[in-house]
Amino acid sequence: MSFVMHYPDRSELVSAMIAMAQEELAHFAQVYEHIAERGLLMGADSKDPYVTALREHIRKGPEAYFLDRLLIAAIVEARGCERFGLLAEALPEGKLQEFYREITRSEARHAGLFLRLAKLYFPADTISKRMEELRSIEASIVAKLPIRAALH
């Protein structure tokens with residue numbers, strides 16, 4: 001919803017982000033159901049060091065800031081897709097495995113959505129160049145992170 005509030009004049013973005021927020025809330029409800037079924041409680045939310053470190057590389061200036069937010073969101077969603085997919089593969093057949101497969105597909109759609117939105121507002125060569133830079137930055141960040149249980 002941060003994109004909606006920050007860019008209310010970009011109707012394609014607003015519509016896409018509202019739909020995505022609705023989907024994410026539905027997934028959150030499903031996660032809560034899986035947790036509750038096991039008699040567990042959700043833990044407190046905390047800042048993700050991976051995402052926080054990536055966001056530290058968002059450039060200043062309206063256009064650079066907008067592009068970087070879109071591309072970092074695409075990267076985060078793509079990595080989430082990879083991780084959820086690995087979990088789905090490791091789980092035995094059943095309800096939980098299918099849930100993780102669904103989330104994997106959703107994360108893939110979201111990564112693609114952020115890239116399509118970037119292409120709507122920026123030239124392909126600008127996107128490609130910055131994405132290459134951000135992937136290099138991401139590699140450096142990941143190399144320094146401690147190993148921990150995380151999906152993003």
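**Helix packing and its surroundings**

A: Helices H4 and H6 pack with their axes 10 Å apart, at an angle of about 55°. H4 is therefore oblique to H6. The crossing of H4 past H6 is right-handed. Keep in mind that this is a predicted model.

Now take H2 and H5. H2 spans residues 11-37, and H5 covers residues 95-121. Their axes come within 11 Å and cross at roughly 165°. That angle makes H2 roughly antiparallel to H5, because the label applies over 145 degrees. H2 passes H5 in a left-handed crossing. What kinds of residue make up the contact of H2 with H5? There are 13 nonpolar, 5 polar and 8 charged residues.

Next, the nonpolar interior. In soluble globular proteins, nonpolar side chains tend to be buried together. Here the largest nonpolar core has 32 residues. Phe3, Leu13, Met17, Leu70 and Phe114 have the most contacts inside this core. Two or more residues come from each of H1 (2-6), H2, H3, H4 (62-90), H5 and H6 (124-144). H4 gives the most, with 9 residues.

What follows H2? A loop runs between H2 and helix H3, residues 49-55. Arginine 38 lies in this loop. The side chain of arginine 38 reaches back to histidine 34, where the backbone oxygen is at 2.9 Å. Arginine 38 has 46% relative accessibility, so it counts as partly exposed; the exposed class needs over 50%.

Alanine 44 sits in the loop between H2 and H3 too. Its relative accessible area is 78%, which means alanine 44 is exposed. How far is the C-alpha atom of alanine 44 from that of arginine 148? The separation is 16 Å, for two residues 104 apart along the chain.

Note on methods: Residues are numbered from 1 along each chain as its sequence is written. This is a predicted model: local features need pLDDT of at least 70, side-chain atom pairs count only at pLDDT 80 or more; totals for chains, interfaces and linings use all residues. Side-chain values use heavy atoms; hydrogens and water are left out. Helices (H or I, at least four residues) and strands (E, at least two) are DSSP runs, numbered from the N terminus. Buried means under 20% relative accessible area, exposed over 50%, partly exposed in between (1.4 Å probe, protein chains only). A polar contact is a pair of N or O atoms within 3.5 Å; within protein, one must be able to donate a hydrogen and the other to accept it, and residues adjacent in sequence count only if both atoms are side-chain atoms. Axes are lines fitted to C-alpha atoms, for helices over the stretch in contact, and angles run from 0 to 180 degrees between N-to-C directions. Angles under 35 degrees count as roughly parallel, over 145 as roughly antiparallel, 65 to 115 as roughly perpendicular and the rest as oblique. A crossing is left-handed if the near helix is turned anticlockwise from the far one by less than a right angle, and right-handed if clockwise. Ala, Val, Leu, Ile, Met, Phe, Trp, Tyr, Cys and Pro count as nonpolar, Asp, Glu, Lys and Arg as charged, and the others, Gly among them, as polar. A nonpolar core is a set of buried Ala, Val, Leu, Ile, Met, Phe, Trp, Tyr and Cys residues joined through side-chain atoms within 4.5 Å.
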